[in-house]
Amino acid sequence: MRNQTLVTEFLLQGFSEHPEYQLSLFICFLSLYSVALVGNVLIILAITCNPGLYTPMYFFLLNLATMDIICTSSIMPKTLKGLVSDRSPISYGGCMAQLYFLTWAASSELLLLTVMAYDRYAAICHPLHYGNMMNKEFCSMLAAGVWALCACNTAIHTGLMTRLNFCGPNVITHFFCEVPPLLLLSCSSTYVNSVMIVLADAFYGILNFLMTIVSYGFIISSILKMRTSEGKKKAFSTCSSHLIVVCMYYTAVFYAYISPVSSYNPEKSKLAGVLYTMLSPTLNPLIYTLRNKEVKAALRKLFPFLKN
């Protein structure tokens, strides 16, 4: 029995401890999911169908929209089903698959936000060399590197998770499969998993954040050195949307996940989960669209009825 996983099915606790809010949460989550899907698909269509948006900034935005779709779609169908059911079972294989795709998309988004910060740094601090610094080949390499590195990192975490024994209980105190509550259910040693989580937190949560802060330090310094207020306003407008998204995403990450597994708090983790799996994918396209004239123009060109 030592090398055998006895649990073949998990139960997602979801929000069953608050049955009076189940219907309200279902309507809210369904609305957020719908807006997230429509908004991110529209951004992808606007960028791919408009050659005028074939620039590094919009190329990375297209990747961000794709990651948002994967992130929210990996958990929302199951979450919505659980809100209208008495119980929310998920198979062992389904749980591992959900864990993989969610972690892959979420970690990729953190890394891509750092890449996007570097892109804004190159555009504002080195405008004359921007074309050479962010050429098509380099941008493609950065995007592919983000997807590949995070896929590899996620495969390691998921692989380590599959080596653990789960002997019961099988109730996951979350509305999706996540590493900390799964480790708490394991009846075998989770030392290696915990070490890898600390390393991942250090890389994604701290090193990435510091690189983003450094990039924006140089950006703000360059903006302050500009002589005209019009130039300052234009430079800030090119990075303000990204800065809002960075602040929103890292707030959720630091709120719940930069902490030991032993101090895991289900309620706090659920709130953070709502922020980065539902609210962030919903707000990202709105932030980038409402504050960007080029994207709005591309959408009007794609859908002429929006002009009215």
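Is cysteine 71 buried or exposed? With a relative accessibility of 0%, cysteine 71 counts as buried, where buried means under 20% relative accessible area, exposed means over 50%, and partly exposed is what lies in between, with a 1.4 Å probe and protein chains only.

Before I go on, a word on how to read the values. This is a predicted model, in which local features need pLDDT of at least 70 and side-chain atom pairs count only at pLDDT 80 or more, while totals for chains, interfaces and linings use all residues. Residues are numbered from 1 along each chain as its sequence is written, and side-chain values use heavy atoms, with hydrogens and water left out.

Let me turn to the cysteines. A disulfide is a covalent bond between the sulfur atoms of two cysteines, and here the term is applied to a pair of cysteine sulfur atoms within 2.5 Å. Searching the whole structure gives 2 disulfides.

One of them joins cysteine 95 to cysteine 177, with the sulfur atoms 2.0 Å apart. Because cysteine 95 lies in helix α4 (residues 92-125) and cysteine 177 in the loop between β3 (171-172) and α7 (179-185), this pair ties together parts that are 82 residues apart in sequence; helices (H or I, at least four residues) and strands (E, at least two) are DSSP runs, numbered from the N terminus. The torsion about the S-S bond is about -125°, so this disulfide is left-handed. Both ends are buried, cysteine 95 at 0% relative accessibility and cysteine 177 at 1%.

The other disulfide is formed by cysteine 167 and cysteine 187, whose sulfur atoms are also 2.0 Å apart. Here the torsion about the S-S bond is about 50°, so the disulfide is right-handed. Cysteine 167 is partly exposed, with a relative accessible area of 39%, and cysteine 187 is partly exposed as well, at 40%.

If we count the bonded cysteines along the chain, the disulfides follow the pattern 1-3, 2-4. Cysteine 71, with which I began, is in no disulfide, and the nearest cysteine sulfur, that of cysteine 150, is 12 Å away. Cysteine 152 is partly exposed, with a relative accessible area of 46%.

Next, a pair of helices. α1 packs with helix α2 (residues 56-73) at an angle of about 155°, their axes 9 Å apart, where axes are lines fitted to C-alpha atoms, for helices over the stretch in contact, and angles run from 0 to 180 degrees between N-to-C directions. That makes α1 roughly antiparallel to α2, since angles under 35 degrees count as roughly parallel, over 145 as roughly antiparallel, 65 to 115 as roughly perpendicular and the rest as oblique. Among the residues that make the contact are Tyr33, Leu37 and Ile44 of α1, together with Tyr58, Leu61 and Ile69 of α2, contact meaning heavy atoms within 4.5 Å.

Finally, I would point to glutamine 13, in the loop between β1 (9-12) and α1 (22-48). Glutamine 13 is partly exposed, with a relative accessible area of 24%. Apart from its neighbours within four places in sequence, glutamine 13 is in contact with Val171, Ile172, Thr173, His174 and Lys270. Its C-alpha atom is separated by 9.9 Å from that of asparagine 170, 157 residues apart along the chain.
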